[in-house]
Amino acid sequence: MSIRIVIADDQAMVRAGLRLIVESEPGMEVVGEASDGIEAVEVARDTRPDLVLMDISMPRMDGLTAAKRLLDRPDPPKVVMLTTFDTDENLYTALRTGTSGFLLKVSPPEQLVDAIRVVVGGDALLDPAVTTRVIASFAGRHDPVPPPQLAALTPRELEVLHSLARGLTNAEIAVRLFVGEATVKTHVARVLMKLHLRDRAQAVVFAYESGVVRPGTAVG
């Protein structure tokens, strides 16, 4: 089955370029385009895509608001934010909203393709080094108070959460914990379920905001 994608950007040339990249890749198809946030919500509602590539800055309704409206619906698509900058505070807000990550508009075509497959597969965050840097720069401003749901995690699940916060893939977590990837996937699923989180991006934000991981610390 093809990965169904909606492209939302107010610049027609950007949309055309993204469409060209996506449709040149086997197993992917663009099912709709939008030039602003309101149109993005409507097109996604009508086409029910697997993923929406969403520009942050758009007229009538910005990408953050549009993403929130999409993600608040039952069975929402994955949303990846498109941006010109990797240190924009909007990106942190986007991750807190539940988007699956972000992609720089200057990224090479192969990175866009890989990012789409990664997000739809639910395996890892986009560009973990950049993503965690953005989160760390905005999440460590106040002394965090550990939320009560942390008590539901086992020691191993806490280790997995810590690794997720550092942007590690399932394969990298498996090596670090000396377990199989299937076991890691099970742990990740349990962490998300116990913490009532939508996906790995929200798990990373949660880890920083709850104090499980502090900005500047390394994976032990």
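**Notes on the predicted model**

1. Arg48 and Asp75 meet through their side chains in a salt bridge, with 3.4 Å from N to O. The model is a predicted one. Arg48 sits in the loop between helix H2 (37-47) and strand S3 (51-55), and Asp75 in the loop between helix H3 (63-71) and strand S4 (78-83), so the pair ties together parts that are 27 residues apart in sequence. Both ends are open to the outside: Arg48 counts as exposed at 54% relative accessibility, and Asp75 is exposed at 62%.

2. The structure holds 12 salt bridges. Another of them joins the side chains of Lys105 and Asp9, at 3.0 Å from N to O. Lys105 lies in the loop between strand S5 (101-104) and helix H5 (109-121), while Asp9 lies in the loop between strand S1 (3-8) and helix H1 (12-23), so this pair ties together parts 96 residues apart in sequence. Is Asp9 buried or exposed? Asp9 counts as buried, because its relative accessibility is 0% and the cut-off for buried is under 20%. Lys105, at 30% relative accessibility, counts as partly exposed.

3. Arg117 forms a salt bridge with Glu25, and their closest N and O atoms are 3.3 Å apart. This pair also links distant parts of the chain: Arg117 is in helix H5 and Glu25 in the loop between H1 and strand S2 (28-34), 92 residues apart. Arg117 counts as partly exposed at 36% relative accessibility, and Glu25 counts as partly exposed at 25%.

4. Salt bridges can also be followed through a group of residues. Arg15, Arg19, Glu23 and Glu33 are linked in a network of them.

5. On secondary structure, the chain comes to 10 helices and 5 strands. In what order do the strands lie in the sheet? The 5 strands form an open sheet in the order S2-S1-S3-S4-S5, with parallel pairing. S2 and S5 are the edge strands, each pairing on one side only. From one strand to the next, the twist averages 25°.

6. Within this sheet, S3 and S4 pair in the parallel sense over 5 bridges. Val52 has Val79, in S4, as its bridge partner. Two helices that pack on the sheet can be described here. H1 touches S1, S2 and S4, and its direction makes about 165° with that of S2. H5 packs on the sheet as well, touching S1, S2, S3, S4 and S5, and its direction makes about 125° with that of S3.

7. The largest nonpolar core has 50 residues, of which Met54, Val79, Met81 and Leu161 touch the most other members. Helix H10 (residues 200-210) gives the most to this core, with 7 residues. Which residues does Met54 contact, leaving aside its neighbours within four places in sequence? They are Ala8, Ala40, Gly63, Ala66, Ala67, Leu70, Val79, Val80, Met81 and Leu82. A second, separate core of 17 residues includes Ile7, Val22, Met28 and Leu112. In soluble globular proteins, nonpolar side chains tend to be buried together.

8. Leu158 is placed in helix H7 (residues 155-165). Leu158 is partly exposed, at a relative accessible area of 32%. Leaving aside neighbours within four places in sequence, Leu158 is in contact with Leu150 and Leu153. Between Leu158 and Ala207 there are 9.5 Å in space, C-alpha to C-alpha, and the two are 49 residues apart in sequence.

9. Some totals for the chain close the note. Of its 220 residues, 48% count as buried. Among contacts in the chain with a separation of 6 or more, 66% are accounted for by residues 24 or more positions apart. The accessible surface of the chain comes to about 10400 Å², and 55% of that belongs to carbon and sulfur atoms.

Definitions and conventions:
Residues are numbered from 1 along each chain as its sequence is written. This is a predicted model: local features need pLDDT of at least 70, side-chain atom pairs count only at pLDDT 80 or more; totals for chains, interfaces and linings use all residues. Side-chain values use heavy atoms; hydrogens and water are left out. Helices (H or I, at least four residues) and strands (E, at least two) are DSSP runs, numbered from the N terminus. Buried means under 20% relative accessible area, exposed over 50%, partly exposed in between (1.4 Å probe, protein chains only). Contact means heavy atoms within 4.5 Å. Accessible areas come from the Shrake-Rupley method with a 1.4 Å probe; for residues, only the protein chains shown count as cover. A salt bridge is a side-chain nitrogen of Lys or Arg within 4 Å of a carboxyl oxygen of Asp or Glu. A nonpolar core is a set of buried Ala, Val, Leu, Ile, Met, Phe, Trp, Tyr and Cys residues joined through side-chain atoms within 4.5 Å. Two strands pair if DSSP finds at least two bridges between them. Axes are lines fitted to C-alpha atoms, for helices over the stretch in contact, and angles run from 0 to 180 degrees between N-to-C directions.
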